[in-house]
Amino acid sequence: MKGLLIKDFLLLKHSAKLILLFLAVFCVTGTWSGNATFFASLAAVLCATTVNSTFSYDNLAKWEQFALSAPVSRRQLVGEKYVLALIMTGLAAVMCLLLIVINAFLSNGQSPLELAALCFSVLGGSFLMISLMIPLTIRFGNENGRIVLMVSMAVVFGVLFAGVNLLYGEGGVTFPAWSSYAAWGVPVLLILLFYVSYRISCAIVEKKEY
């Protein structure tokens with residue numbers, strides 16, 4: 001597992017400097033303008049899509065055929081991608097935390113509580129995107145998987161947006177008072193979705209011909 005992670009980090013080394021430059025520029029502009037929303041979203045999306053780029057490198061090099069001839073199981077190949085996703089999501093979380101700290105010292109910055117809620121939502125969306133992206137990429141390949149992912153994300157957010165409008169729209173039904181406590185169950189649901197995604201990916205890889 002450690003060797004697989006080192007391999008992917010070496011692959012990402014070429015694009016890491018450019019990604020860090022983008023993040024630094026948007027971090028400065030976001031904090032200077034007092035609106036860090038875009039930076040938080042960009043950090044989470046970039047860290048999530050970086051995982052997907054490793055699939056492209058593997059496909060071009062026909063890595064799976066070589067790896068399976070070594071003492072590496074198919075489950076290890078899948079598990080490494082999920083561990084990489086967790087590391088990248090953790091990196092995005094650290095960036096968001098630094099952004100909250102920086103904004104706390106700015107007079108024109110967003111309130112720490114508001115920014116923390118925003119970062120929590122963005123990281124949750126990133127976690128959801130990763131959980132959908134990895135099995136779809138394994139099943140359909142990079143290009144087709146990206147299309148299916150975009151359609152899936154559009155459907156998910158469309159349903160969420162419609163549900164919010166229905167519940168909070170004019171004449172709609174509002175959430176009961178206890179519903180705010182139910183928000184604490186969202187991380188549990190995301191972790192469960194991540195685990196289910198891993199099991200689905202393992203099942204796909206076990207049946208896949210390389």
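Predicted model: local features only at pLDDT ≥ 70, side-chain atom pairs only at ≥ 80, totals over all residues.
The expected span of a helix is 1.5 Å times one less than its number of residues.

**The chain as a whole**

| Property | Value |
|---|---|
| Residues counted as buried | 35% of 210 residues |
| Contacts joining residues at least 24 apart, among those at least 6 apart in sequence | 78% |
| Accessible surface | about 12600 Å² |
| Part of that surface belonging to carbon and sulfur atoms | 74% |

**Helix 8**

Helix 8 takes in residues 186-207, which is 22 residues, and at 1.5 Å a residue it should span 32 Å. The C-alpha atoms at its ends are 32 Å apart, so the expectation and the model agree.

Which residues of helix 8 are buried? They are Leu190, Phe194, Ser197, Ser201, Cys202, Ile204 and Val205. Look down the axis of helix 8 and these buried residues fall within an arc of 165°, which means they line one face of the helix. Turned away from that buried side is a face with the exposed residues Val188, Leu189 and Lys207.

**A look at Thr50**

Over in helix 2, which covers residues 37-61, you'll find Thr50. Is Thr50 buried or exposed? Buried means under 20% relative accessible area, and Thr50 has 7% relative accessibility, so it counts as buried. Setting aside neighbours within four places in sequence, Thr50 is in contact with Leu12, Ile19 and Met88.

Methods
Residues numbered from 1 in each chain as written. Heavy atoms only, no water. Helix = DSSP H or I, 4+ residues; strand = E, 2+ residues; numbered from the N terminus. Buried < 20%, exposed > 50% of the residue type's maximum accessible area, 1.4 Å probe, protein only. Arc of directions from axis to C-beta. Contact = heavy atoms within 4.5 Å. Areas by Shrake-Rupley, 256 points an atom, 1.4 Å probe, with all protein chains shown as cover.
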